[in-house]
Amino acid sequence: MFQKLKGDLIIVGIIIVLAVVFFLINLIRDRQSSGEGNVLVVRDGRVVESYPLSEDITVTLWDEERTHYNLLMIKDGSAEISDANCPDKICVRSRAIARDGESIICLPHRLVLSVHSERERDMDAVTG
Amino acid sequence: MKRTAVMGLLLALALILSYVESLIPLPIGIPGIKIGLANLAVVLAMYLVGERNALLLTISKAVLSGLLFGNLTVILYNLAGALISFLTMALMKKAGRFHLPVISAVGGVMHNTGQLLVACVIVSTYGIVYYVPFLLIAGLVTGMVIGSVAVLVLPAVRKGMNGGSRE
Ligand SMILES: [Zn+2]
């Protein structure tokens, strides 16, 4: 009984410490980048399109066969998927992205949106 | 009740909870990240019908809920988190040094960590790590709650399994 409690506390402690560490990393990263840069549209691992976060735009992203679509909306420096015909709609429910590295993934359509601010990183980090 | 009947009930429970989960939107751009309700069925299975059957249930759950609420890509992807989660819980149970709520909490955390790792491979950016603190705490809390529910439910179900005919 007492030994189990010790094991419990160690595990819970590790999880909480990890959460705090990652939270602090996020705080530092937040200061470095804000809602600027580009939204990269990646399909099947390749960058197919790039839109600046600074310009408000609504565009339908079709796949090559024009059967799957995701509606990308950029507004006030952040990007979101406002509609899609994928079965799970996870991408539609996802929070808008604006910070460097934040992404929205539509797995059924093999589509990834991710923010990249040019100051921090070069394009080769994405394509490579 | 026979084992097969219990397995059937647990699978039904897993699918219902998967459906309920799919109705609860998490504002995170990573597929397969869940609050972990369906883990209750796996935890119960581990203690009622043994690890081997629980593993079977884990795989069936991932495949069936993927078929019902996603597609083939989603199934393969979901298996990653489900198997990592199951393996960790089975090892912790075997070690005999942890209480059920903590085992279930680690199961929840590992499920989402597994999904996150696969997502990292797909996106190949550091960006996803942004969600880690939220996922850790969410997995911890739901896992604890679900594990506690299991602790309360298990004696009654065991009694039903051994007791025989009456409901
Ligand atoms: Zn989608």
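Start with one term: a residue is buried at under 20% relative accessible area, exposed at over 50% and partly exposed in between, using a 1.4 Å probe and protein chains only. By that cut-off, buried residues make up 41% of the 128 residues in chain A.

This is a predicted model, in which local features need pLDDT of at least 70, side-chain atom pairs count only at pLDDT 80 or more, and totals for chains, interfaces and linings use all residues. Residues are numbered from 1 along each chain as its sequence is written, chains are lettered from A and ligands numbered from 1 in the order in which they are written, and side-chain values use heavy atoms, with hydrogens and water left out.

**Stop 1: the two chains**

Color by secondary structure. Helices (H or I, at least four residues) and strands (E, at least two) are DSSP runs, numbered from the N terminus. Chain A has three helices and seven strands. Read from the N terminus, its elements run α-β-β-β-β-β-α-β-β-α. Chain B has six helices and zero strands. Of its 167 residues, 51% are buried.

**Stop 2: the zinc ion**

Select the zinc ion, then Cys86(A), Cys91(A) and Cys106(A). Their SG atoms are the protein donors, lying 2.2 to 2.3 Å from the ion. Donors here are N, O and S atoms within 2.8 Å of the metal (3.2 Å for Na, K and Ca); water is not among the atoms, so sites may look incomplete. Along the chain the donors follow the spacing C-x4-C-x14-C. Cys86(A) sits in the loop between strand S5 (78-84) and helix H2 (90-93) of chain A, while Cys106(A) is in strand S6 (residues 103-106), so the pair links distant parts of the chain, 20 residues apart. Cys86(A) is buried, at a relative accessible area of 1%. Cys106(A) is buried too, at 3%.

**Stop 3: two arginines with positive phi**

Stay in chain A. Most residues other than glycine have a negative phi. Now select Arg66(A), which has a positive phi of about 55 degrees. Look for Arg66(A) in the loop between strand S3 (57-62) and strand S4 (69-75). Arg66(A) is exposed, with a relative accessible area of 54%. Next, select Arg110(A), where phi is near 50 degrees. Arg110(A) lies in the loop between S6 and strand S7 (111-116) of chain A. Arg110(A) is partly exposed, with a relative accessible area of 48%.

**Stop 4: a helix with one buried face**

Move to helix H3 (50-69) of chain B. H3(B) has 20 residues and reaches 28 Å from its first C-alpha to its last, close to the 28 Å expected at 1.5 Å a residue. That expected span is 1.5 Å times one less than the number of residues. Select Ala54(B), Leu57(B), Thr58(B), Lys61(B), Ala62(B), Ser65(B) and Gly66(B): these are buried. Seen down the axis of H3(B), the buried residues fall within an arc of 150 degrees, so they line one face of the helix. The arc is that of the directions from the helix axis to the C-beta atoms. The face away from the buried side carries the exposed residues Arg52(B) and Leu67(B).

**Stop 5: the cavities**

On a 1 Å grid over the protein atoms alone, a cavity is a set of points where a 1.4 Å probe fits but cannot get out; a pocket is an open set with protein on both sides within 12 Å along at least five of seven lines; lining residues have an atom within 4 Å of a point. Grid points are joined across faces, edges and corners, and a volume is the space filled by probe spheres set on the points.

The structure holds three cavities of 30 Å³ or more.

**Stop 6: a pocket lined by both chains**

Finish at the second largest pocket, with a volume of about 310 Å³. Of its 17 lining residues, the closest to the centre are Leu18(A), Val109(B), Thr113(B), Val132(B) and Leu136(B). Helix H1 (2-32) of chain A, together with H5 and H6 of chain B, are the elements that give two or more residues to the lining. H5(B) supplies the largest share, eight residues.
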